[in-house]
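Please load the model and its sequence.

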Amino acid sequence: MMTRLALVSESAKTAPQSSASPSPLASPVFGLQEGATPRLLVLDGHSMAFRAFYAMPVDKFVTQAGQYTNAVHGFTAMLLTMIRQQKPTHVVVAFDLDTPTFRSLDYTEYKGGRNKTPEEFYGQIDLIIKVMEAMRIPTISVDGFEADDIIATLSTQGETAGWDVVVVSGDRDAFQLITDKVSVLYPKKGISDIPPMDAAAVEAKYFVSPARYSDLAALVGETADNLPGVPGVGPKTAAKWINLYGGLEGIFENIDAIGGKVGDSLRAHIEDVKRNRRLNHLLRDMELPVALEDTVLQSPDRDAVEELFDALEFNQLRKRLFDLFGEEEALDAGATHEVPAHQLVSDAAALNAWVEATTGLVAVDVVSEKVGLAHEATAVALVGQESAVVVDLGTADAALDSALAAWLLSDAPKVVHEYKEALKALSVRGLSLGGVVDDTSLSGYLIQPDRRSYELAELSQVHLKVSFEAEATADAGQLDLGLESEKKYDEAVQRGYVALLLSEYFAPLLQERSAAVLLRELELPLAAILARMELTGIDVSQERLAVLLDDFTTAMNAAKEAAYAAIGHEVNLGSPKQLQEVLFEELALPKTKKIKTGFTTDAASLKWLLEKTGHEFLAQLMAHREASKLKQMVETLKKSLAEDGRIHTTYAQNVAATGRLSSNNPNLQNIPIRTEEGRRVRDIFVVSEGYECLLAADYSQIEMRIMAHLSGDAGLIQAYAEGEDLHRYVGSHVFGVAPEDVTSAMRSKVKAMSYGLAYGLTSFGLSKQLEISVDEARTLVKDYFDRFGGVRDYLRGVVEQARKDGFTSTIEGRRRYLPDLSSSDRQLRELAERIALNSPIQGSAADIIKHAMLGVAAQLQAQELKSRMLLQVHDELILEIWPGELETVKALVIAQMGAAADLLVPLEVQVGVGSSWNDAGH
DNA sequence: CCTAGAGGTAT
DNA sequence: TAATACCTCTAGGT
């Protein structure tokens, strides 16, 4: 079966495809599809600017420099909406000039009697023109003529050339331009409600055809232009005469036949009517300085837009603009990329023939269906530069199956989007993947680690400016009539092709940003390990889970009833809003810290309130919070139990901007540990049948060790070299006492301080953490830096370097870009500074444990051990030990984790074993 | 059904 | 006014 599809919208699919294949980024012109009818959007600049001015609040749009921008903002927003909705290929804006026109010379009162232009409007037209220049949209004004004439001329030219024309004007005279090719958008109210007026709409409203609208306006008059009409004649009468006599000429010919008072009135004001008609007639054959073809819609001058919008302080609008043009450019760029046709292969020979004929990188896209909580592969698309094949796993015979399996596993270079998910879906079919040199969801992440999403369509949009149809919504249970699967195959090939393009695009960027090594040697191999860990899951004791749920529910209910009793009525304890009423109004307790919705009821505040007032309700509320949180957590775990009785979390390799993993569905990286009750949750995670025990290995103070390494601080390095208790050592130096005289209060202070440093601590934050005065905290910081000057110098240097480079780096060269370091917004800038302090430390720790995981997995495999890695919790690995392998595995884990980085200080690893995760803790 | 806010868990 | 995550509930909207 042969299918052809392009990475573009419907309109472009029908257009002839260019066979040339320029860079996806080259997009001088867009929206113009060869063979499609051009569509011209003409705007009346002044009338729309005025509409915008009165529609937007003046005082809300003032720049710091004092320039009013409400009309500019409103106009630009309206224009973007028009471009989005109308999808024009050409756009032009016509403006009036202040100079006299042939109309005002003809009739000096023309447009007289208008209110003086408001002061705040001054200068806004010039700004609109500047916005148009930045957007590369031509503007036209002609001395002695009005914008209406320019519009009439343009629309006539457009129509003559066979184009569609859309006129946007707040002047009703434009209605005379309406034909089946020309429509007018006339704002009803403000600038947000601009319904299209076509011939039918004009007739419905005025009872005359658009061509006769000027006749009607001449009779009725136009207050806005100070053109009096015939007294006593309104639109109804005028329309009646026009339809009766076929227009003004007919009316004049039969003028004596019109009786009544209105007839007399008409005869008395006949000259006014003739003048009105003369003035409202729009010129259609002006000489214009801009040719029709020159109005073609181009991509905006991004630098100019940036600069101008900075000055105008248009931030949301900037985003809207770039979003819009991102999309539009994509359409055009997409039109130049032809997705190769694909063939559905049904035998091994066909697959092998394709493989033989295909050179270079091949994208693999796995089509899967959801089965329970997992995904199972149903088909595989292999996409090369020139051609593609699809293998349906459901119908493949054994020979095809093994040919496919062999190729997938081979070293033939492949690119995948979401390698880990592909591996998981394939594994249920007994398939795997070898030779994967790129996963675009990971390379995209390494290039730009703080994006929210790395979906293929989004990466394609952002980097390639190519958009393609959204992924098929997996309609499980729907009848598969062949058409459905054909559509899925098309999409799979499409996705594969986009991944191929992205991979090519990313390759040099990865090199530039020194991320190619990270991808190849760290993230890609890690993805395979994570896939295995996710598939394995961790065993759960359902008995313990049930007991826990019961206990927590009981505790929760007891606390709830006691809380109700303490205040004499019921209240939703889970509603901060209702709690505020009880605490601060009903019980009139002291006010806590202010939050958006009033006063906080968080745990720290409740504790403070309880100490202050001793109110029973507070004690019960706190007990209820703890119990309900735990119950909720246990319930969530129960819901995520798979059919095999195990919990399979999913690790996200591209979510945390520092390089850490994250865990979700369910999150197994935030299982309680700090309280006795909380630790019971850890007890539900147990060793699987047939295995000996769980082993938990964690790095001791890895972030502080990285701090010591990065700062090179002699004191810290010495402390670690001597194997001292770090906090005791630091405490003895900061407080000037012997190590054995460091009290636990002193120790906990320096501990909080040390950890705070890695988060970009402030004296204020430290004072709150330690419940001490800001002064005391400040002294603590000073004393700390006096003794550990290397740390202070390092922290200063990190921010300085990041400001210079634009990014921070980890020990493995993982970068995080921080443009906000030079923001003028203090809050943003200071946040960026704290991020700059934290990212190298947190990120280096992430690099290290990832290396350790690679080492552990490699050793387990090399030594043919049956023990396996189950979980990772940032600085901790959980393994399941096969009988007889404990000592071997323990040693190799310690060795691999310890050797994962070569730092100036040793990496210490603590290991515990037990039959549950809690027991394995230490 | 979606979203913001509040609150809480982990490293 | 201390970094990185994920999750759930309420309340107020579509």
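## Model and conventions

This is a predicted model: local features need pLDDT of at least 70, side-chain atom pairs count only at pLDDT 80 or more, and totals for chains, interfaces and linings use all residues. Residues are numbered from 1 along each chain as its sequence is written, chains are lettered from A and ligands numbered from 1 in written order, and side-chain values use heavy atoms, without hydrogens and water.

## Surface near DNA strand C

DNA strand C is surrounded by 31 residues (near means a heavy atom within 4 Å). The closest are Ser-575, Asn-665, Thr-762, Gln-769 and Arg-834.

## Elements supplying the surface

Helices (H or I, at least four residues) and strands (E, at least two) are DSSP runs, numbered from the N terminus. At least two residues each come from α23 (576-586), α25 (616-639), β22 (662-664), α31 (763-770) and α34 (826-862). α34 gives the most, with 5 residues.

## Side-chain pairs with the strand

Gln-769 places a polar side-chain atom 2.4 Å from a base nitrogen of DNA strand C. An N or O atom in the Arg-660 side chain is 3.2 Å from a base oxygen. For Asn-667, the partner is a sugar or linking oxygen, at 2.9 Å.

## Gln-701

Gln-701 sits in the loop between β24 (693-699) and α27 (702-711). Beyond neighbours within four places in sequence, Gln-701 is in contact (heavy atoms within 4.5 Å) with Tyr-720, Leu-726, His-727 and Tyr-755.

Note on methods:
A polar contact is a pair of N or O atoms within 3.5 Å; within protein, one must be able to donate a hydrogen and the other to accept it, and residues adjacent in sequence count only if both atoms are side-chain atoms.
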